[in-house]
Amino acid sequence: MKNTVTLSALFTTVLVLAGVSLFLLREQGVLRAEIALQATGRVDQQGTLVAVFAERRAESQAAAAELETLSREVERQATLAAVLAPAATMAAAQAAVPTPRPPAAEDTQDEPPQVRIILRERESIWPVGEPIDIIASAAHPLGIALLNIAVNGENLLADSPLDPRMNIAAVRWTPPAVGTYLISAIATSIRGRTSAPVTIEILVVDDSDPDAVTESILRRIERNVEEIRGLRGREEIEVAILSPDQIEASIRENLFADYTREEADQEVLVLNMFDFLPEGFPLYDNLIESLGQAIAGYYDPPSNTLFVVRQGEELEEETRLTHAHEYLHALQDQYFELALLQEGDLDKDQRLALRSLGEGEAELVEFLYRSRGYLTGEQGADSSPVFPTPVIADVPDFLLSDFTFPYVRGFAFVNHFYEQGAFNAVDQLWARRPLSSEQIIHPERYAAGDDPQPVALPELGEILGGDWTLLDVDVFGEFYLREYLSQRLDAAAVDTAATGWGGDRYAVYRRSTDGARLLIFQLVWDQPSDRDEFTTAYRQWGDSRNGRAAGFEVDGGRCWTQAADSLCLYETPGGHLILRGAPFDVLTAAAGRILNP
């Protein structure tokens with residue numbers, strides 16, 4: 001609205017100046033008529049007429065000079081209006097003119113002016129030879145005496161407004177060659193205070209090469225991310241541009257380079273013991289296919305490469321945001337401990353916590369990238385990010401939850417601290433990284449230093465026998481515990497049962513002779529009341545899964561049996577022991593070994 005008023009004022013000024021010009025021309029005509037009439041009078045008045053003519057000629061010359069000055073001002077205002085007119089809509093959307101400050105006290109009137117530059121898009125790449133409309137605006141309580149626009153230090157416009165309140169200037173400039181240009185504006189107040197230069201960097205490219213344009217856009221996105229995060233890249237990152245048909249092969253070659261189909265099949269056997277996946281589920285192929293559908297790019301730390309999926313010759317908004325997100329991961333890899341995800345020193349829950357920190361910060365940067373106008377030049381109205389659910393076919397709910405947790409919960413965790421101390425607070429998260437999904441779900445527990453308690457499982461080789469092999473041993477964590485319980489309990493019951501998690505450890509064994517499996521899952525809790533709440537909830541869980549009639553009390557615990565599958569829950573001094581598998585006598589023998597070491 002303000003830009004519309006400004007443009008109206010400009011055109012009004014043009015009309016007023018034109019009226020003044022017509023008035024001066026009319027006065028010149030009157031003078032000529034008067035001189036002609038007096039020339040027909042008496043000869044004895046000739047001397048007086050000559051004097052009068054000389055006086056009027058001087059007045060006419062002065063009026064003509066004033067007319068020329070006003071005509072130049074009309075031309076200047078018309079030029080300014082012509083430049084502003086096609087950019088009016090864009091300028092209105094970007095609030096080009098700073099809101100004038102209210103009348104200031106004497107000590108504030110010596111402050112330098114406030115200055116802004118508006119271009120079309122903050123990350124746009126201009127083709128060489130295409131004109132750019134540059135709009136600069138300035139504000140000061142006393143008014144603006146001079147407003148300058150320059151490109152690479154060469155002055156394009158030095159605007160001294162007729163009215164100090166007319167604090168906006170515009171110029172059209174055409175980049176002469178490919179390269180990087182710095183567009184700057186500087187203003188001087190009536191009292192002579194000069195602002196610091198406000199600068200925008202633009203890239204000018206040859207748009208006949210789509211790949212070159214794409215790479216230029218990507219590099220600009222990377223510089224924008226560095227500006228948002230306050231970190232400079234320590235090394236150049238390779239960029240590989242892929243078509244949608246190439247993404248699955250790239251994922252298989254890079255992300256799955258150290259993950260085999262046999263390992264995926266073994267993971268299915270482990271996840272099946274928690275009812276997360278059906279036995280025989282094609283996890284390896286499903287992961288590659290679903291990731292190929294869900295992602296628009298990724299960062300590969302071993303090769304130090306950012307992979308970008310491009311549809312056609314243009315980079316879509318989603319792809320640009322994805323690149324901003326993934327480049328932040330590259331900065332995390334250079335500055336922090338993201339590389340720990342590639343190593344084997346962390347347990348499953350610690351890796352999930354670290355992934356959540358990394359993805360949460362990347363989601364925050366992506367949100368700031370959008371809301372601060374790096375895509376469109378406009379200030380976003382959204383106060384929170386949007387996490388669209390990926391459109392992925394034939395993916396179990398557990399895998400989808402596992403995929404989205406680091407993004408959604410991770411963002412909430414990082415943003416909780418960002419709102420308290422901006423990126424300095426985020427740096428502190430990396431200095432003392434979260435160690436459990438519990439800390440991600442409950443930021444206050446991270447702040448309180450509630451670290452997970454270590455849990456050790458005994459060696460069961462002698463009890464189980466030589467034909468049993470260990471498939472997996474790891475930490476489950478509060479997130480997976482919640483997913484496990486939510487299969488049979490409502491959200492409120494899950495929250496009551498899982499909150500207060502203190503630590504855990506699980507192991508899954510498999511017998512080679514018949515494929516029988518045994519799950520051993522031991523938990524500890526922060527408070528005795530947390531243990532009691534879990535006991536109540538898990539008994540309901542077991543009754544729901546196996547049928548209440550299948551349950552019975554045994555050796556201080558509760559078990560459920562059906563066909564070749566058994567499940568038992570025991571209370572321990574600090575928590576619980578859960579066992580599942582067959583045969584039942586092996587399960588109870590393992591329980592006795594753990595409960596009575």
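Modeller: Start with α6. Its buried residues are Ala264, Val268, Leu269, Val270, Leu271 and Asn272. Keep in mind that this is a predicted model.

Colleague: What covers the buried residues of α6?
Modeller: Several elements do. Among them are helices α7 (283-294) and α10 (397-431). Strands β12 (468-474), β13 (501-511), β14 (517-525) and β18 (575-581) are included too.

Colleague: And how many residues does α6 have?
Modeller: α6 has 12, residues 261-272. From first C-alpha to last, α6 reaches 16 Å, close to the 16 Å expected at 1.5 Å a residue.

Colleague: Next, the loop between α6 and α7. Is Phe276 there buried or exposed?
Modeller: Phe276 is buried, because its relative accessible area is 7%, under the 20% cut-off.

Colleague: Which residues is Phe276 in contact with, leaving aside neighbours within four places in sequence?
Modeller: Leu271, Phe398, Phe476, Tyr480, Glu483, Tyr484 and Gln487. Leu271 is also one of the buried residues of α6.

Colleague: How far apart in space are Phe276 and Asp397?
Modeller: 8.5 Å, C-alpha to C-alpha. In sequence they are 121 residues apart.

Colleague: Where does Asp555 lie?
Modeller: In the loop between β15 (551-554) and β16 (557-562). Asp555 is not a glycine either, yet its phi is positive, about 50°. Asp555 is exposed, with a relative accessible area of 67%.

Conventions:
Residues are numbered from 1 along each chain as its sequence is written. This is a predicted model: local features need pLDDT of at least 70, side-chain atom pairs count only at pLDDT 80 or more; totals for chains, interfaces and linings use all residues. Side-chain values use heavy atoms; hydrogens and water are left out. Helices (H or I, at least four residues) and strands (E, at least two) are DSSP runs, numbered from the N terminus. The expected span of a helix is 1.5 Å times one less than its number of residues. Buried means under 20% relative accessible area, exposed over 50%, partly exposed in between (1.4 Å probe, protein chains only). Contact means heavy atoms within 4.5 Å.
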